[in-house]
Amino acid sequence: KRQEALEASLRAVEIREQLAAGDPGAFRPDLATSLNNLGNCYSDLGKRQEALEASLRAVEIREQLAAGDPGAFRPGLAGSLNNLGNCYSALGKRQEALEATLRAVEIYEQLAAADPGAFRPDLAGSLNNLGNCYSALGKRQEALEAALRAVEIYEQLAAADPGAFRPDLAGSLNNLGNRYSALGKRQEALEAALRAVEIYEQLAAADPGAFRPGLAGSLNNLGNCYSALGKRQAALAAALLTLESF
């Protein structure tokens, strides 16, 4: 219920703006959180400019908070920068998206160095976003490097907690396959796509409703990889399996 979510988020922002005007020290962190939520609600409704404006305000507040207390507020700032990058990407502002995402990755790298258990998942997610930003700008080698790092982290996380992180690993392998394909590294692209399909097949066997869409997307990528290598029969088989997944 996206419209209802937006209306609730707007009310929360309105109240917290009033509270923060009276006591900034106590209520600006909550205002930033509500602005983040508001940006997500606008994004869900396709209101991209409004989403960007809310995200910019959240980042501005969290930058000020993090300047005063980095330990407490840098994680929130990194999350807001991630959201901001996504908002810029949705508006086709690719350079701005890259800059915001690079800042998020930089912060998460520092946080993960100090507390890997808490922040490596966030770092991996930001690296995925970074790869997408580089790819949108035609920076294919940089996109590949970011995707490789994301896969490496998710592999480690999934080894320790498969239930939580195998879906992320599968998604990252899909991205990695696309990055290899963009560079003409067809065999490497195929290998990444095969691994993604294998994981999604296992996930979809246990929870079809949640993971069949991901499996279908991975099979589609796999078919493209086979086709690029001239393996037409295998490409056809993957395409047929894609249809069955819907």
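Modeller: Before we start, one term: two residues are in contact when heavy atoms of theirs lie within 4.5 Å. Please keep in mind, too, that this is a predicted model.

Colleague: Thanks! With that term in hand, which residues is Leu 222 in contact with, leaving aside its neighbours within four places in sequence?

Modeller: Those partners are Leu 190, Ala 193, Leu 194, Val 197 and Ala 238. Leu 222 also belongs to the largest nonpolar core, a set of 73 residues. Together with Leu 176, Leu 222 has the most contacts inside that core.

Colleague: Let me step back to the whole chain. What does its secondary structure come to?

Modeller: You will find eleven helices and zero strands. As for burial, 41% of the 246 residues in the chain are buried. The C-alpha atoms fill a box of roughly 70 × 40 × 35 Å along the principal axes.

Colleague: And how do I read contacts along the sequence? What share of the contacts with a separation of 6 or more joins residues 24 or more positions apart?

Modeller: That share is 58%.

Colleague: How can I check the length of a helix like H8?

Modeller: The general idea is to multiply 1.5 Å by one less than the number of residues. H8 has 21 residues, 162-182, so its span should be 30 Å; the end C-alpha atoms are 29 Å apart, which agrees. After H8 comes Gly 184, with a positive phi near 75°.

Colleague: One last case: Arg 62. Is this residue buried or exposed?

Modeller: Arg 62, in helix H3, is buried yet has no salt bridge. A salt bridge needs a nitrogen-to-oxygen distance within 4 Å, whereas the nearest side chain of opposite charge, Asp 30, is 7.9 Å away. Beyond four places in sequence, Arg 62 touches Ala 32, Thr 33, Asn 36, Gly 76, Leu 77 and Ser 80.

Methods:
Residues numbered from 1 in each chain as written. Predicted model: local features only at pLDDT ≥ 70, side-chain atom pairs only at ≥ 80, totals over all residues. Heavy atoms only, no water. Helix = DSSP H or I, 4+ residues; strand = E, 2+ residues; numbered from the N terminus. Core = buried A, V, L, I, M, F, W, Y, C linked by side-chain atoms within 4.5 Å. Buried < 20%, exposed > 50% of the residue type's maximum accessible area, 1.4 Å probe, protein only. Lys, Arg positive; Asp, Glu negative; His and termini not counted.
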